[in-house]
Amino acid sequence: MSLRYDAIVLGAGIVGAACALELARGGLRVAVVERDAVGSGATAAGMGHIVAMDDSPAQFALTSYSQTLWAALAAELPPAVEYQRCGTIWVAADDDEMAEVQRKLLFYAARGIAAEVLDAQALADAEPNLKRPLAGGLLVTADAVLYPPTAAGYLLQEAKKLNAVLMLGRTVIEAGDGRVKLDHGSTLHSPIMINATGALAPDLMPGLAVRKRKGHLIITDRYPGYLRHQLVELGYLKSAHASTADSVAFNVQPRMTGQLLIGSSRQFDAEERGVDRAIVSRMIDRACDYMPGLASLSAIRVWSGFRAATPDKLPLIGPTDDPTLFLATGHEGLGITTSLATAKLLADQLLNRDPAIPFGPYLPSRLASGQVTQSPPAMDAVHA
Amino acid sequence: MPDSIQMFVDGAPITVSSACTVASAIAIAGRNCRTSVSGEPRGPLCGMGICFECRAMVNGKQHTRTCLILCEPAMEVVTT
Amino acid sequence: MSPGYDTLVVGSGPAGMAAAVSAAETGARVGLIDDNPRAGGQIWRASDKPGPQHGLASTWRSRLFSSSVTLLQGWSVFDQPDAKTLRAERQGLTSDFSYENLVLATGARERFLPFPGWTLPNVMGVGAMQAMVKGGLPVKGKRTVLAGSGPLLLAIAASLKAAGARVLCVCEQAGVSQLLPFAASLAMTPGKILEGLLYKASTCTIPYHAGSWIVEAVGDTQLRSVTLSIRGKKRQVDCDYLACAFHLVPNIELPAMLGCAIDNGTVAFDDFQKTSQPNIYCAGEPTGIGGVELSLVEGQIAGLAAAGQDAQARRLFAARTKLRRFSGRLAQAFALRPELKSLPRQDTILCRCEDVPFGAVSEHSSWRSAKLHTRCGMGPCQGRICGAATEFLLGWNADSTRPPVFPALVSSLMKSAHGDRASRYDTTTVT
């Protein structure tokens, strides 16, 4: 087996898988190195929401571009990926939040995203298990959900058809200067190495501005028809939580099996693996505020995972100071959504193609130069 | 001496002993506990509350492990 | 919230009963918690009527009911919300139980290996069939085949026959040459159970085939017939029930979740049955499958040690050593043959919760990868059934130690007692 490749992707999560496929389609000979199983990091831990996020122009550009890419791919995705255009409802509990609904509607409408305001009755009709009364919500019909590990698996399977090589069970010890050193002793060579290791990215690049942001989810047994849309609360606007404190938000997602995913939680400086019962308790409390019936559903499993968070909530897509090393990480809770666009933008940079959207806002160099300010707390995304 | 009680399995009344588990009552009623996710008929496998194959709705509560529950008067059991 | 037990015992089978009684008889405040409606665990379900287990079971039952142990039947333990507190659910109610010392006597479950048709209704485990009969399943005149492996097969066959079932045959996968040394060694091991087994074997006329196993179960909405491989020859047998299981798997999920060190699939323990976690003891099958008598001795040692009675506990060490040697011989005698690995076809369901076929699972190179990509092991049984099968079929270590250890209500996962919804439910259940 040759040890030289045109590109080596570090990490077979959904971002790495998307990058591998895009580069393989561009004619490159690609290797993907993964220490565990395909999609076993944040890809396994997250919900799998595909959402057009409006919390900043750059975030919107990336997520809506990527959402379009997913929609174009939908017909080819095998059933195991469970792609479902169920839509998102942003739930408003009071008049202030309904004002936010109107603001979001205008924002989406100006950009061609179909959205519909639901009043209290329409919200109750759309989701009968929500508590009443709530003020209403915004239904965004193009949003979708899927099951991330098999989505990553599908992308890699397609990459392998284009002769990409997948190396599972291999840990990268060092990456730089065109060389990737693996734990069992061998070294791979490539002029292009892409760090797509998510929250573990700083292990290979000390000092990288990516922090672990812990999240939890609960999955229930099957209750077909209980929930029809992805539901996210707008209540974070009033929350006392700054963007760096522990926080929970109401966020539930239906799976095609009829199981519900209940989230979400966010914590910095919580680096231990394992379920944090205190924050799970708060998360359930919040969820039951909106959907009281959740309390009596059967919970099969609870788990935690680490999102890769950057200071300005935008991912790192592009070159580093090392001309052979590139980044595709820092996606926080939007990795599933933006994986396809990330791959496109990175490939555009590497292959000198015209990008569909400007990639400037996502360049890693923006952080080094100090051009980035912390975004205000109210803009903290609350989706899982 | 255990009492004789009447309960309902899929709407049909049956009479069983109060020492009877709901799983056994379902069998006595000639029914299977549940249908699997791909449509297969299923019944108890482990008999001790571990396999979850004996699940049915008991008095409105879904996903109840019937091998762990004793029958009670007027209990309503619905198989899937 | 309970006022707190000096010793809380999880599992009311032989080990748990022995631990609870031993601790209570020293004056300690003891609670005995179990998710089944009645005390006795799995192995003693057969024991209401005269038979090999009857003497032991009734002795211990009397001691239990005349002791001060608080019986907490029907409670399913699923989490440890705080140090020295276990949380359990009982038919929609949740309660916390606090303790100074904890004895885990969570027993074992049967090992199921997939074969074509194993998911048909009326195909169940061996102990399972006994549990169903004890739970009221009428078996009079029902044609029953037993298959799989382990000394339970014959014991349960005899018990089913006594209940009126037409037991057609018993198929033990271990070959005669494997079993003979074990049978000969029985004479060296004292024990009423074993003497009883031999007695039953000699008086009972159930055909017993060694070196034989199930090939396929056939039926539509229920089982209609089975195909057996009897000493190399295929034979089809029409029947109403198939009781099939392959020995036992220790229930180590709760000990693992509590942080107890696990050594080769069993809970690690010291001379006093203490685990690697402070104030947590383990007794019976989770320390290694060893049968009723060993469970009783380990349970007594754990209960006495938990109550600070080390000297009394020490007196049982010799008995434990002897019984442990027996359990080693048991494992050797009934070791599973490699032919069983070829029983499932590619389309035979492996994960029954999610209906994942064996072919889909075997494409993967690890349990984690198989779980993530096929959903095998992601259902309510949390991989207990398919995980044990996969360990044998594919050599994977199928572990899962996150809370909840059993599915629980979403509300039960909240940290503190949920206001007026929580209620403490104490009961002394007389069977």
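Strand β17 (residues 298-309) of chain A and β22 of chain C pair in the antiparallel sense, over two bridges. Two strands count as paired here if DSSP finds at least two bridges between them. Within β22(C), C:A408 is the bridge partner of A:A299.

A few notes on reading what follows. Residues are numbered from 1 along each chain as its sequence is written, while chains are lettered from A and ligands numbered from 1 in the order in which they are written. The model is predicted, so local features need pLDDT of at least 70 and side-chain atom pairs count only at pLDDT 80 or more, whereas totals for chains, interfaces and linings use all residues. Helices (H or I, at least four residues) and strands (E, at least two) are DSSP runs, numbered from the N terminus.

**Where chain C meets its neighbours**

Chain C touches both chain A and chain B. Two residues are in contact if their C-beta atoms, placed from the backbone, lie within 7 Å. For the classes, Ala, Val, Leu, Ile, Met, Phe, Trp, Tyr, Cys and Pro count as nonpolar, Asp, Glu, Lys and Arg as charged, and the others, Gly among them, as polar.

On the side of chain C that touches chain A, α12 (367-374) and β22 (408-409) of chain C are the elements that give two or more residues. Of these, α12(C) gives the most, with four residues. On the side of chain C that touches chain B, the elements giving two or more residues are β7 (108-110), α3 (126-134) and α13 (384-394) of chain C. There α3(C) gives the most, with four residues.

**A three-stranded sheet in chain C**

Chain C also holds an open sheet of three strands, in the order β12-β13-β14, with antiparallel pairing. Which strands stand at its edges? They are β12 (212-219) and β14 (233-238), each with a single partner strand, so one side of each is left without a neighbour in the sheet. Strand β13 (residues 223-230) and β14(C) pair over six bridges, and C:V237 in β14(C) is the bridge partner of C:V226.

**Inside chain A**

Domain bounds come from an automatic or database domain assignment. For chain A this gives domain 1 (7-46 + 148-209 + 312-379) and domain 2 (85-143 + 211-308). Their C-alpha centres lie 28 Å apart, and the contact takes 13 residues from domain 1 and 13 residues from domain 2.

Helix α3 of chain A packs against α9 (residues 335-351) of chain A at an angle of about 85 degrees, with their axes 7 Å apart. That makes α3(A) roughly perpendicular to α9(A), a label used for angles of 65 to 115 degrees. Axes are lines fitted to C-alpha atoms, for helices over the stretch in contact, and angles run from 0 to 180 degrees between N-to-C directions. Among the contact residues are A:L62, A:Y65 and A:W70 of α3(A), and A:T337 and A:L340 of α9(A). The residues of this contact divide into six nonpolar, five polar and no charged.

A:M53 lies in the loop between β3 (49-50) and α3 (57-73) of chain A. Is A:M53 buried or exposed? A:M53 is buried, with 22 other C-beta atoms within 10 Å; the cut-off for buried is 20 or more, and for exposed 12 or fewer.

Conventions
Parallel < 35°, antiparallel > 145°, perpendicular 65-115°, else oblique.
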